[in-house]
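This report looks at how the parts of one protein chain are arranged and how they meet. The sequence and structure come first, and the description follows.

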Amino acid sequence: MADITVTEHLLLHQKKTPQATGQFTGLLYDLILSGKSISQRINKAGLLDILGGTGEVNVQGEDVQKMDSIANRIMIYRMERSGALCAMSSEEEADLIRVGPEFPRGDYILIFDPLDGSSNIDIDINVGTIFSILRRPAGETGEVRLEDVLQPGYQQVGAGYILYGPSTMLVLSTGDGVHGFTLDPGVGEFLLSHPNMKIPEKGSIYSINDGYYRYWDDATKDVVDWFRTTESKDGKPYTARYVGALVADFHRTLLRGGIYMYPAEKRKPDGKLRLMCEANPLAYLAEQAGGKASDGRGRILDKIPTKLHARTPLFIGSKEDVEKVEEIYARHEAKK
Ligand code: AHM
Ligand code: MG
């Protein structure tokens, strides 16, 4: 296959996606650039730590910072200058970041987790940047209101992630399927490596933090027990995998199928994951790839966020596996 760069791909797809105005494409370019900068810093993270020694300052005279706050700063710096955004929300920032008046304001809203799974950085395991793109409601101008940002996930006009793993990969959807690009570090370009990604209808992997068994209600215990004790599509038991970085666990699920679960717990009634910066973008990708995402009772993309950092239980992956979870919860609900 001739090498297709992400830039060429976006230009080709611009014609097919109505929202792909120049502004939208510019937003994606700046996101990609931010991802490349973060990727480069992550590659050097261990090295910088060594160079920085035990002190607070490294040899360049810079503060030795945690990689997640560096990723957050890279994203905010680049994206507020893109001219495509009117607001941003980062998992690392409590409040909405309003763009302007010092930078030109655009029509889009970017919600992101700058470095998902950041506790994995110290042990050199995959992390990633997750992003969700919303459009500002038509006719609104001036400073953005919080209500304009709290949109349900089905209104996303694009979503994706950049996974910093053995290779750096960009996985993106603008409503026309899911496409994966691998960064060629030699030329500094993302090349189309996984066109039109599809999640298998049913998988053979389940992914959950099993250490929390004691915190689950009976319905959730039944859900997990079902995957532990039922044969998967190939007649063998389901196998368990849990990286502990949602973006990495989702990436595997997208490629191999199966299900990732982060349920509600007695001590965390809405689970741990954030609806707007984690669940919604991945749910959008899952659906675009033929899979499903649910909170156990209903579709993730239909949930109306009550606040920027609202949380949700999440069951995401192969359609049949997610439907099985909904069926078990519904059965328990009916017994009440
Ligand atoms: P983070 O955004 O603060 O890194 O937290 C989210 C992460 C997910 O990436 C991961 O799936 C989950 O937390 C792991 O949580 P736990 O350690 O409770 O299993
Ligand atoms: Mg996260």
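This is a predicted model: local features need pLDDT of at least 70, side-chain atom pairs count only at pLDDT 80 or more; totals for chains, interfaces and linings use all residues.

Where the two parts meet, 45 residues of domain 1 are in contact with 31 residues of domain 2. The size of an interface is often given as the accessible area lost when the parts come together; between domain 1 and domain 2 the buried area is about 2700 Å², and carbon and sulfur atoms give 68% of that area.

Eleven residue pairs, with both residues at pLDDT 80 or more, are in polar contact across the interface of domain 1 and domain 2.

On the side of domain 1 that touches domain 2, each of the following elements supplies at least two residues:

| Element of domain 1 | Residues |
|---|---|
| β1 | 85-90 |
| β3 | 108-116 |
| β4 | 127-135 |
| α5 | 146-149 |
| β5 | 158-164 |
| β6 | 168-173 |

The largest share of this side of domain 1, six residues, comes from β4. Sorted by class, the side of domain 1 that touches domain 2 has 22 nonpolar, 17 polar and six charged residues.

How values were computed: Residues are numbered from 1 along each chain as its sequence is written. Chains are lettered from A and ligands numbered from 1 in the order in which they are written. Side-chain values use heavy atoms; hydrogens and water are left out. Contact means heavy atoms within 4.5 Å. Buried area is the accessible area (1.4 Å probe) that two parts lose on being put together, summed over both. A polar contact is a pair of N or O atoms within 3.5 Å; within protein, one must be able to donate a hydrogen and the other to accept it, and residues adjacent in sequence count only if both atoms are side-chain atoms. Helices (H or I, at least four residues) and strands (E, at least two) are DSSP runs, numbered from the N terminus. Ala, Val, Leu, Ile, Met, Phe, Trp, Tyr, Cys and Pro count as nonpolar, Asp, Glu, Lys and Arg as charged, and the others, Gly among them, as polar.
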